[in-house]
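Trainee: I have a structure open and would like to go through it step by step. Can we start with the packing and then turn to the charged pairs?

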Amino acid sequence: MRWGLALSGGGILGAAHLGVWRALRDMGLRPGIVSGTSAGGLVAGMCALGVGPDAVIEAARRVCRTPSRYFRPQLGPLWRELLHRGMPVSGLLDPTAFVRELLTAAPGAATTGDWVMPAALTACDLVHLRPTAFVTAPRPRPLRGDWAVVEGAPLALALHATMAEPVLYTAAEDGDHVYVDGGLADIVPEDWAVTLGAERVLAVDVAPPGYVSGPMGIEEIVGRSIAFVLKETSVLRRPRRPVLRLLPDTSGVGLFGFSHCDALVEAGYACVQARAADIRAFVESAP
């Protein structure tokens with residue numbers, strides 16, 4: 001029986017997915033199918049290439065040490081756009097260098113055709129107003145919804161598209177398609193793991209906890225507002241298959257908490273350790 005791993009969006013909180021991946025590896029558990037959205041899409045896309053978590057964690061650490069090297073501000077183009085003196089700019093930060101750095105963990109990989117297992121990364125096409133999944137062949141039929149399905153896309157395009165949070169990051173453009181973060185369609189793509197053939201799904205949600213105390217600044221207001229809308233939407237898409245959900249403790253980390261990378265990786269690892277017996281029984285039991 002093949003089991004699937006579905007990874008949620010969550011920005012920097014997605015570093016917890018790396019800890020989950022490493023802990024599963026240490027338990028000798030490897031998914032046969034992966035799906036992911038946004039930050040989870042980045043991790044799922046790398047996992048599908050057959051690389052190990054350690055190389056991806058090292059790439060994430062390099063980015064988090066000096067994020068300004070990997071996310072290029074678009075303030076000049078934005079100002080020119082506001083003055084109607086230049087081409088439109090689709091986001092505040094360009095993540096191209098970040099995606100390139102992430103792919104150093106898989107030298108030689110170029111397209112989603114290089115994935116060694118069934119995988120799906122979700123995005124949203126704003127030109128055609130359609131949710132989109134970048135997948136491996138053969139093209140699957142989505143469980144529900146009017147999804148566009150793209151095979152054999154450049155890896156850099158698929159990774160950029162799934163993580164392109166509107167306004168914050170520049171959109172990923174390909175011909176007459178303009179892609180943004182897949183979380184707008186489904187923040188925890190459990191249904192895509194099932195679509196690709198998973199009988200059971202281990203779903204990891206790194207969204208912030210449901211309650212926080214104390215004052216909230218702009219960062220918290222924006223981050224938690226987005227998390228609320230996306231989480232409520234995602235509940236409507238849950239598949240009718242056995243799903244075990246993991247909730248790593250990502251509390252206390254904001255939208256730009258790059259300095260918390262190692263702590264988030266540890267949180268993901270600890271979450272798996274705490275439920276190791278449940279996880280093994282779930283993925284190894286017959287449907």
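Predicted model: local features only at pLDDT ≥ 70, side-chain atom pairs only at ≥ 80, totals over all residues.

Trainee: How is α3 oriented relative to α9, roughly parallel or roughly antiparallel?

Mentor: Helix α3 (residues 53–65) packs with helix α9 (residues 261–274) at about 150°, and their axes lie 10 Å apart. Angles over 145 degrees count as roughly antiparallel. Therefore α3, relative to α9, is roughly antiparallel.

Trainee: By class, which residues make up the contact of α3 with α9?

Mentor: From α3 come I57, A60, R61 and C64, and they meet C261, D262 and V265 of α9. Sorted by class, the contact has no polar residues, two charged and five nonpolar.

Trainee: How many residues of helix α6 are buried?

Mentor: Buried means under 20% relative accessible area. In α6 the buried residues include L155, H160 and M163. The helix is largely enclosed by the rest of the structure, because the buried residues of α6 (residues 155–163) number eight of the nine.

Trainee: How far apart in sequence are the parts that D54 and R22 tie together?

Mentor: The side chains of D54 and R22 form a salt bridge, at 2.9 Å from N to O. D54 belongs to helix α3 and R22 to helix α1, so the parts tied together are apart in sequence by 32 residues.

Trainee: Is R22 buried or exposed?

Mentor: R22 touches P53, D54, I57 and Y269, not counting residues up to four places away in sequence. For R22 the relative accessible area is 18%, so R22 is buried.

Trainee: Which residue does E190 form a salt bridge with, and where does that partner lie?

Mentor: E190 is buried, at 3% relative accessibility. Its salt bridge is with R245, the closest N and O atoms being 3.0 Å apart. The pair links distant parts of the chain, 55 residues apart: E190 is in helix α7 (residues 190–195), and R245 is in strand β12 (residues 243–246).

Methods:
Residues numbered from 1 in each chain as written. Heavy atoms only, no water. Axes fitted to C-alpha atoms, helices over the stretch in contact; angles between N-to-C directions. Helix = DSSP H or I, 4+ residues; strand = E, 2+ residues; numbered from the N terminus. Parallel < 35°, antiparallel > 145°, perpendicular 65-115°, else oblique. Contact = heavy atoms within 4.5 Å. Nonpolar A, V, L, I, M, F, W, Y, C, P; charged D, E, K, R; others polar. Buried < 20%, exposed > 50% of the residue type's maximum accessible area, 1.4 Å probe, protein only. Salt bridge = Lys/Arg side-chain N within 4 Å of Asp/Glu carboxyl O.
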